[in-house]
Amino acid sequence: MDKGEAGRVVVGAKGRLGVSWGQIAEAIGRAPAWTVAALLGQHPVPDAEAKIVAGLLELGEDVEAALRAQPMRGALESAVPTDPTIYRFYEVLQVYGPAIKELIHEEFGDGIMSAINFRMDVKRVEDPAGDRVVVTLDGKFLPYQW
């Protein structure tokens, strides 16, 4: 079983058992965003945590082993995503990516935001005009070394 298959099994078991991503994250002591990314195949899950997830979701040893494996990172099936939610992030980067880059360089200098030393949070904020989705991307600044 590969990590993609394991991710699909996790999603199925989660739905079948009525377990939330937040409950799984709490059980392994990780942030929800990291937990979801890891269980969908984007991070290796440490042994103890893989065992907890397998027990919680009633998964077999083959799934547990796949969760522990090193990933091939990058989960999009095409260069331009077709799923509407994922596409909106692509659209945001198309429109605001150059502005984000300029603001990072103005504030920090020549470098990048790390996606390795990285945290992310997704939350709902109530608003009279309709609830807002707040996505926080929090990466360490890595200056270019010349």
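1. In this predicted model, the end C-alpha atoms of residues 75–146 lie 32 Å apart. The span is 35% helix and 38% strand. An unreviewed UniProt entry places the feature "domain: Cyanate lyase C-terminal" at these residues, 75–146.

2. The "active site" feature also comes from an unreviewed UniProt entry, which places it at Arg88, Glu91 and Ser114. From this set, the lining of the largest pocket takes in Ser114.

3. Arg88 belongs to helix α6. With a relative accessible area of 44%, Arg88 is classed as partly exposed, because the partly exposed class lies between the buried limit of under 20% and the exposed limit of over 50%.

4. Ser114 is part of strand β1, which comprises residues 111–125. The relative accessibility of Ser114 is 4%, and the residue therefore counts as buried, the limit for that class being under 20%.

5. When residues up to four places away in sequence are not counted, Ser114 touches Gly139, Lys140 and Leu142.

6. Turning to the aromatic side chains, how many aromatic pairs does the model contain? The count comes to three aromatic pairs. One of these is formed by Phe108 and Phe141, whose rings are 4.8 Å apart centre to centre with 20° between the planes. This pair is stacked, because planes under 30 degrees apart count as stacked.

7. The pair of Phe108 and Phe141 links distant parts of the chain, its members being 33 residues apart. Phe108 lies in helix α6 (residues 84–108), whereas Phe141 lies in strand β2 (residues 132–143).

8. Tyr144 and Trp146 have ring centres 6.1 Å apart and planes at 40°, so this pair is tilted. As to accessibility, Tyr144 counts as partly exposed at 43%, while Trp146 is exposed, with a relative accessible area of 86%.

9. A contact of another kind involves Arg30 and Trp34. Arg30 lies over the face of Trp34, at 4.0 Å from the ring centre.

How values were computed: Residues numbered from 1 in each chain as written. Predicted model: local features only at pLDDT ≥ 70, side-chain atom pairs only at ≥ 80, totals over all residues. Heavy atoms only, no water. Phe/Tyr/Trp six-rings, centres within 6.5 Å; stacked < 30°, edge-to-face > 60°. Helix = DSSP H or I, 4+ residues; strand = E, 2+ residues; numbered from the N terminus. Buried < 20%, exposed > 50% of the residue type's maximum accessible area, 1.4 Å probe, protein only. Lys NZ or Arg CZ within 6 Å of the ring centre and 35° of its normal. UniProt positions renumbered as here; feature names shortened; annotations may be inferred. 1 Å grid on protein atoms, 1.4 Å probe; cavity = no way out; pocket = protein on both sides within 12 Å on 5 of 7 lines; lining within 4 Å. Contact = heavy atoms within 4.5 Å.
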